[in-house]
Amino acid sequence: MALIDVALFILFLALYTVTFLGGVGRALAAVATWFVVTAAAALCTGPLAGGLRDVFPVLTEWASEFLAFLGVVVLVGLLGVWGSLWSLRAAPVVTRRWQGRSGTFGLLLQGVLALLFALFVTVTLAMVAANGIRALPPDAFGLRLQAELDRARLVPLLNDVQPWVRRIAIDWVPGDPPSILEGTRS
């Protein structure tokens, strides 16, 4: 089993568990935050990467896109997490009532939302990692990472889900998405 498979499995399991234990309200907020973060990354990464290359001309395209993607995800993600925590604190009674009376349907909804969030985030991160690894220069480090990526068994399964993730959060954004979010094309 490749190290990438282990990392992806642990990431999926951790995201699912944390999201499921957070309840329906937080799971909905997490899915909405993922959508906003991914759409903002698709919209802002390209121009921000171009600006980074203008300021730091030594940056390669993949490095500037990765830094820009990371900056957008951290900024928008933190705003989304802060907003969801604030909104759930502002209405704690409604959230507690929903969790207390939801029963079997609420538990099922909570599981489905946690599954969607964990799957979407894992597929998105696998897409970014695979595209970043493929863009590395063909030195010893880049070739080793490419070999690990080729050896991974979960990456091809996640590649099958990438078109759905792209359709949901990336394709409708105006302009071309950055190469780090391109995913695999047939």
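**Close-up views of ring pairs and helix contacts**

**View 1. Trp34 is buried, its relative accessible area being 6%.** Here buried stands for under 20% relative accessible area, exposed for over 50% and partly exposed for what lies in between, with a 1.4 Å probe and protein chains only. Phe120 is likewise buried, with a relative accessible area of 11%. The model is a predicted one, in which local features need pLDDT of at least 70 and side-chain atom pairs count only at pLDDT 80 or more, while totals for chains, interfaces and linings use all residues. Residues are numbered from 1 along each chain as its sequence is written, and side-chain values use heavy atoms, with hydrogens and water left out.

**View 2. The rings of Trp34 and Phe120 form a stacked pair.** Rings of Phe, Tyr and Trp (its six-membered ring) pair if their centres lie within 6.5 Å, and planes under 30 degrees apart count as stacked, over 60 as edge-to-face and the rest as tilted. Under this rule there are three aromatic pairs. In the pair of Trp34 and Phe120 the ring centres are 4.5 Å apart and the planes stand at 20°, so the pair is stacked. Because Trp34 belongs to helix α2 (residues 24-55) and Phe120 to helix α5 (residues 103-134), this pair ties together parts that are 86 residues apart in sequence.

**View 3. Phe35 and Trp172 also make a stacked pair.** Their ring centres are 5.7 Å apart and their planes lie at 15°, so the pair counts as stacked. Since Phe35 lies in helix α2 and Trp172 in the segment after α7 (154-169), the parts that this pair ties together are 137 residues apart in sequence. Phe35 is partly exposed at 29% relative accessibility, and Trp172 is partly exposed as well, with a relative accessible area of 49%.

**View 4. Helices α1 and α5 cross at roughly 150°.** Helices (H or I, at least four residues) and strands (E, at least two) are DSSP runs numbered from the N terminus; the chain has seven helices and zero strands. The axes of α1 (residues 3-22) and α5 come within 8 Å, axes being lines fitted to C-alpha atoms, for helices over the stretch in contact, with angles from 0 to 180 degrees between N-to-C directions. The two helices are therefore roughly antiparallel (angles over 145 degrees; under 35 is roughly parallel, 65 to 115 roughly perpendicular and the rest oblique). Val18, which is found in helix α1, counts as exposed at 59% relative accessibility. The C-alpha atoms of Val18 and Ala114 are separated by 8.2 Å, although these residues are 96 residues apart along the chain.

**View 5. Val165 in helix α7 is buried, with a relative accessible area of 0%.** Although Val165 and Phe120 are 45 residues apart along the chain, a distance of 6.7 Å separates their C-alpha atoms. Arg167 lies over the face of Trp164, 5.0 Å from the ring centre, where a charge sits over a ring if NZ of Lys or CZ of Arg is within 6 Å of the ring centre and within 35 degrees of the ring normal.

**View 6. Thr33 is placed in helix α2.** With a relative accessible area of 17%, Thr33 is buried. For the chain as a whole, 40% of the 186 residues count as buried.
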